[in-house]
Amino acid sequence: MRKEMAFPLRFVSAGQTVQTTSKDLDEQSVFIRCVLSPARGEKVVLRLYLTGMTDSVQAEVEEVEADGFRARFMSLTEDARHHIRTALLAGPTADRSASPENRRLLPRFQGRFRVTLKVGERSTRHQALNLSASGVFVETETPPPLNQVVQVTLELPDGKPPVEVQAIVLHRLLPGSAQPAGAGVQFTGADDAFRARLDDYLEALRKR
């Protein structure tokens, strides 16, 4: 049972540590969004940020595509297997025609703060409309194309300096639609400091 769902994860490969997000999940593998993927056959260590799951997972790169790679689990503890099954049962259906809203696993938090989008050498400032552990929706009249890789600088209202993360455009709304125009981007390349910062901020929002 494979389902499309976005949740944070961390992989370590050949000494490189990357905080990114998933594309889909089944009981044997996960597709990891990544711009620079490990080679096919390479071993990776995964941390899947699923509710209650703390075990690391040994995996092997099974296939590499333009937007990331599939890692097949080499061994799973019973606890890890339980949390993966729970996520699959609770998660949205794997219907590729479904909107990103219907494939979302994690809660979104409404709130405005400044965001800078950088596409190539061009940077523009906008407002974020909502945020989750896997991505952010940026209000803009000229959203970048789907699958465009962008650099996103988040000015989180937590009293700390702006933080930058790599992302990919997975959802766009053009002017004239019923909802505000903009781009929904999913985080694909960050470090542990970014994940800790974002998790702390989201936890503060949950407690409000």
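**Reading pairs, bridges and a pocket**

Analyst: Lysine 23 has a relative accessibility of 17% and so counts as buried (buried is under 20% relative accessible area, exposed over 50%, partly exposed in between, with a 1.4 Å probe and protein chains only). The model is predicted, so local features need pLDDT of at least 70 and side-chain atom pairs pLDDT 80 or more, while totals for chains, interfaces and linings use all residues. Residues are numbered from 1 along each chain as its sequence is written, and side-chain values use heavy atoms, without hydrogens and water.

User: Over which ring does the charged end of lysine 23 sit?

Analyst: A charge sits over a ring if NZ of Lys or CZ of Arg is within 6 Å of the ring centre and within 35 degrees of the ring normal. Here the ring belongs to phenylalanine 31, and the charged end of lysine 23 is 5.0 Å from its centre.

User: With which side chain does lysine 23 meet in a salt bridge?

Analyst: A salt bridge has a side-chain nitrogen of Lys or Arg within 4 Å of a carboxyl oxygen of Asp or Glu. For lysine 23 the partner is aspartate 67, at 3.1 Å from N to O. Lysine 23 is in strand β3 and aspartate 67 in the loop between β6 (57-65) and β7, so the bridge ties together parts 44 residues apart in sequence (strands are DSSP runs of E, at least two residues; helices are runs of H or I, at least four; both are numbered from the N terminus). Lys23 and Asp67 also belong to a network of salt bridges that includes Arg33.

User: How many salt bridges does a search of the whole structure find?

Analyst: The search finds 15. Among them is the bridge between arginine 2 and aspartate 26, at 2.7 Å from N to O. Arginine 2 precedes β1 (3-4) and aspartate 26 is in the loop between β3 (16-25) and β4 (29-33), so parts 24 residues apart in sequence are tied together. Arginine 2 is partly exposed at 40% relative accessibility, whereas aspartate 26 is buried at 5%. Another bridge joins glutamate 62 to arginine 72, with the closest N and O atoms 2.5 Å apart. Glutamate 62 lies in β6 and arginine 72 in β7, so this pair links parts 10 residues apart in sequence. Glutamate 62 is partly exposed at 26%, and arginine 72 is partly exposed at 30%.

User: How many aromatic pairs does the count come to?

Analyst: A pair of aromatic rings is described by the distance of the centres and the angle of the planes. Rings of Phe, Tyr and Trp (its six-membered ring) pair if their centres lie within 6.5 Å; planes under 30 degrees apart are stacked, over 60 edge-to-face, and the rest tilted. The count is 2. Phenylalanine 11 and phenylalanine 69 pair edge-to-face, 5.3 Å centre to centre, with 85 degrees between the planes. Phenylalanine 11 is in β2 (residues 8-13) and phenylalanine 69 in β7 (residues 68-75), so the pair ties together parts 58 residues apart in sequence. Phenylalanine 11 is buried at 0% relative accessible area, and phenylalanine 69 is also buried, at 0%. Phenylalanine 187 and phenylalanine 194 have ring centres 5.3 Å apart and planes at 85 degrees, so they are edge-to-face. Phenylalanine 187 is buried at 2%, and phenylalanine 194 is buried at 3%.

User: Which helix gives the most to the lining of the second largest pocket?

Analyst: That is α2, with 5 residues; α1 (78-90) and α2 (192-206) each supply at least two.
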